[in-house]
Number of protein chains: 2
Amino acid sequence: MKKIIGTALLLAGLMTYGQTKEDSVQFAKISTEILNNGKAYTELKDLTKNIGHRLSGSEAYEKAVQWAAQKLRDAGADKVWLQEVMVPVWERGKESLQIKTSSGKWTSLKMLSLGNSEGTDGKDVSGEIIMVRSMEEYDKLPPEQVKDKIVFFNYHFSQSYVETFRGYSDAAKYRTTAASLTAKKGGKFAIIRSLSSAFDNVPHTGAMRYSGDQKIPAVAIGSSTADELAELLQSQKVTAKLNSNCGMKGERLSHSVIGEITGKKDKSIIVVGGHLDSWDVGEGAHDDGAGIVQSIEVLRTFKKLGFQNNHTIRVVCFANEENGVKGGIQYGKIAKENSEKHLFAIETDAGGFTPRGISLEMDHNKRKQIQSWASLFLPYGIYDFKNTYSGTDLYPLHDMGVPTAELVPDSQRYFDIHHTEEDTFEKVNRRELLLGASTLTQIIYMIDRNW
Amino acid sequence: MKKIIGTALLLAGLMTYGQTKEDSVQFAKISTEILNNGKAYTELKDLTKNIGHRLSGSEAYEKAVQWAAQKLRDAGADKVWLQEVMVPVWERGKESLQIKTSSGKWTSLKMLSLGNSEGTDGKDVSGEIIMVRSMEEYDKLPPEQVKDKIVFFNYHFSQSYVETFRGYSDAAKYRTTAASLTAKKGGKFAIIRSLSSAFDNVPHTGAMRYSGDQKIPAVAIGSSTADELAELLQSQKVTAKLNSNCGMKGERLSHSVIGEITGKKDKSIIVVGGHLDSWDVGEGAHDDGAGIVQSIEVLRTFKKLGFQNNHTIRVVCFANEENGVKGGIQYGKIAKENSEKHLFAIETDAGGFTPRGISLEMDHNKRKQIQSWASLFLPYGIYDFKNTYSGTDLYPLHDMGVPTAELVPDSQRYFDIHHTEEDTFEKVNRRELLLGASTLTQIIYMIDRNW
């Protein structure tokens with residue numbers, strides 16, 4: 001297979017775009033250097049264990065800013081700076097969810113308020129739970145059946161998609177809209193089944209948003225907790241009681257962190273980046289500590305191997321991806337103000353798992369050119385160039401016409417641990433993480449050489 | 001990319017081998033059934049937690065035999081039977097390895113005797129350690145420098161290969177031959193650096209063999225332990241003391257477990273299998289509990305979806321793959337005696353990780369035909385048909401001219417945990433395991449329909 005596809009594409013590549021034997025030699029150098037001497041894994045351990053989770057607006061996040069700036073200097077960046085950006089400050093505080101069945105006894109459920117949700121100001125809010133299994137089912141409910149109730153959206157993350165991001169996209173609207181939908185029909189708060197591919201009791205947080213004036217709370221429970229609650233609701237009335245202190249606490253000045261090695265030929269820019277912030281549970285290891293250390297590894301490898309980069313290679317550690325995307329928006333704004341020319345930008349924000357491909361969001365000819373390099377990537381297990389999305393932080397650049405991309409790692413494990421207390425360093429495999437860094441370095445090497 | 005390769009191969013396939021739209025519909029049914037209703041994960045939990053590790057010749061192994069027979073019946077096999085086979089009985093017993101530096105203090109090292117190794121009969125055996133970093137270095141040592149010494153083979157598992165099986169193959173001779181090489185120059189026992197892709201203190205066992213008459217012990221230590229020992233040896237004399245009780249304890253009657261659904265058109269056989277035995281540490285979860293439950297899943301899925309299989313689909317749970325391959329050899333022998341016609345045989349023994357391809361060991365035309373089905377597999381992340389090995393248990397069939405194959409899962413994590421106490425159920429991801437079962441079912445569906 002490799003030989004058949006490889007030969008065909010190699011020929012196509014050689015004929016059309018000047019892909020050379022030299023490139024495959026450089027690809028091997030990159031891979032060997034990173035698999036043997038890569039620092040991404042030990043640096044991820046440092047970030048996750050010594051700083052830990054780092055929600056935008058927190059002190060931990062500002063520590064991570066200093067950490068990233070130092071790591072970029074250590075990696076050999078010519079220039080390192082902080083880009084100022086105002087970010088929302090959301091705080092969780094204490095929170096609890098209890099249920100009471102016909103037995104009259106209150107039981108605590110493991111839960112997490114959704115990010116950006118308002119809480120109950122430390123007061124108990126309670127009501128009878130009604131369950132719906134889908135948006136369609138909820139839409140049919142008359143308001144009088146919802147009024148003063150707690151709505152439990154028990155929508156199942158689809159297991160059927162081979163790429164789990166499709167299951168996540170399918171279920172995401174429950175997380176983002178449950179609170180406002182519930183408020184519109186007079187409900188008191190919303191409970192959602194977590195956007196989780198696992199069948200455990202681990203709740204997943206993540207961003208929600210309000211579409212109306214009435215800001216009622218929304219919380220998530222794990223899949224097995226959701227199943228148990230659904231089972232109870234088959235036979236009896238169940239009351240829920242929420243007490244939470246979360247909410248928006250204004251804004252603060254924060255920073256994205258940027259480091260670069262200056263182009264030898266011109267000052268046009270190739271970006272590789274991830275987001276430095278994380279949710280306020282777990283350690284933000286796969287999401288997106290992995291992307292940060294992989295992006296820094298690219299810069300380190302360019303320096304270590306002595307590549308004479310034609311264009312500026314810039315690493316961006318974006319602020320506030322999780323609950324506002326203010327870092328990505330500000331980056332685009334400043335790029336425009338400064339009339340910077342961005343050649344290409346790639347993000348790594350889908351976990352530090354074995355890479356399988358690169359998603360390409362750009363015009364047909366540029367996609368075609370990158371796809372013509374496929375035979376160079378195949379020996380590294382990179383075969384999938386079909387997707388057309390790119391990272392959230394890159395949309396402002398994309399909207400300015402910059403070709404954008406995202407690393408596509410294996411997705412099977414990501415939504416077991418995404419936005420949870422389980423997203424820890426121990427869940428990251430060293431070789432998988434380093435292979436991702438290698439793929440990023442290889443694609444940037446090719447862009448730098450050919451664009 | 002997908003589109004380009006897909007279209008080309010689809011056309012080739014349609015023209016040459018009659019691959020149809022119906023096949024892609026059936027592929028989707030298989031994947032959806034297994035991802036939603038697959039039992040492999042819960043059955044693996046049962047096997048690993050209620051039986052645990054199960055070395056050939058142990059009581060636990062015989063429990064696993066009964067377990068597998070029952071699971072095959074539950075999955076819907078028409079016929080289930082045990083195939084008798086004599087297997088070696090190797091037992092570990094108590095074991096310890098200590099070292100003493102110039103400080104005069106003895107320190108225990110975490111270690112495992114290699115499988116099949118003789119021990120010290122419960123007596124202390126000690127001597128000065130000499131270290132070599134490679135076979136070439138060892139070959140140059142004159143016997144008088146080895147006599148009465150302990151030889152420490154500190155050969156590093158290569159990180160440079162993208163497919164870790166290549167690193168494993170490269171390092172394997174140190175495990176298999178260290179004892180006999182040491183004995184030949186008069187050494188007392190051998191210590192090897194584990195065949196491990198991780199940098200931790202976890203020792204990896206695995207089969208060794210004796211090539212001479214003198215059977216001295218061989219033990220493994222983890223990578224970080226090996227690094228520490230190497231560091232000590234830079235500056236001082238280090239003495240090692242081994243006390244172990246392992247050794248061969250004759251043979252016993254054991255069993256491979258076989259279940260099948262009879263062919264509707266003829267009695268020719270398609271085999272899917274793994275090995276039921278494991279090493280005597282950890283839980284044998286990836287190696288090869290995963291392969292056993294995946295193989296049973298294939299049979300269950302054929303029954304559940306009501307496929308009218310043309311040929312007999314046979315699941316074989318081989319005995320004694322780890323330290324003798326007696327199950328595989330016996331299976332081939334009986335197949336020959338009974339003049340059974342085997343169309344195709346595939347093994348799954350490389351861990352329950354996300355599948356990426358199928359390795360094909362067969363004549364050119366059959367390989368080409370299977371490769372022409374690539375576009376059917378691509379939506380399931382299966383793109384790699386380049387490898388040409390097949391599973392250890394299938395070599396007797398291969399030698400009889402049967403086309404053999406092996407599932408190729410992602411290999412990045414396997415050699416972190418292979419043959420160790422860390423090979424536990426918790427290291428297996430449900431979706432990854434189920435996707436492997438789906439790939440196996442899909443290839444067997446195609447073989448059954450086309451051969």
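**Close-up views of a predicted two-chain model**

**View 1. Val132(B) stands opposite Phe153(B) in E6(B).** This is a predicted model: local features need pLDDT of at least 70, side-chain atom pairs count only at pLDDT 80 or more, and totals for chains, interfaces and linings use all residues. Residues are numbered from 1 along each chain as its sequence is written, while chains are lettered from A and ligands numbered from 1 in the order in which they are written. Strand E5 (residues 125–132) and strand E6 (residues 150–153) of chain B run parallel and are joined by 4 bridges. Strands (E, at least two residues) and helices (H or I, at least four) are DSSP runs, numbered from the N terminus. Two strands pair if DSSP finds at least two bridges between them.

**View 2. An open sheet of 8 strands in chain B.** The order is E3-E2-E9-E5-E6-E7-E8-E4, with mixed pairing. Strand E3 (106–109) and strand E4 (111–113) of chain B stand at the edges with a single partner strand each, so one side of each has no neighbour in the sheet. Neighbouring strands of this sheet are turned by 30° against each other on average, direction ignored.

**View 3. Helices H7 and H8 of chain B against strands.** Helix H7 (residues 164–184) of chain B lies across E6, strand E7 (189–193) and strand E8 (218–221), at about 155° to E7(B). Helix H8 (residues 223–235) of chain B packs on the sheet and touches strand E2 (95–100), E3, E5, E6, E7 and E8. The direction of H8(B) makes about 90° with that of E5(B). Axes are lines fitted to C-alpha atoms, for helices over the stretch in contact; angles run from 0 to 180 degrees between N-to-C directions. Contact means C-beta atoms, placed from the backbone, within 7 Å.

**View 4. The crossing of H3(B) and H15(B).** The axes of helix H3 (residues 40–51) and helix H15 (residues 430–450) of chain B come within 9 Å and cross at roughly 110°. H3(B) and H15(B) are therefore roughly perpendicular (65 to 115 degrees). Ala40(B), Tyr41(B) and Leu44(B) in H3(B) meet Arg430(B), Leu433(B), Leu434(B) and Ala437(B) in H15(B).

**View 5. Helix H9 of chain B and the glycine after it.** In H9 (residues 285–304) of chain B, 18 of the 20 residues are buried, so the helix is largely enclosed by the rest of the structure. Buried means 20 or more other C-beta atoms within 10 Å of the residue's own, with C-beta atoms placed from the backbone. Just after H9(B), Gly306(B) takes a positive phi of about 70°.

Notes:
A residue is buried if 20 or more other C-beta atoms lie within 10 Å of its own, exposed if 12 or fewer, and partly exposed in between; C-beta atoms are placed from the backbone. Two residues are in contact if their C-beta atoms, placed from the backbone, lie within 7 Å. Angles under 35 degrees count as roughly parallel, over 145 as roughly antiparallel, 65 to 115 as roughly perpendicular and the rest as oblique.
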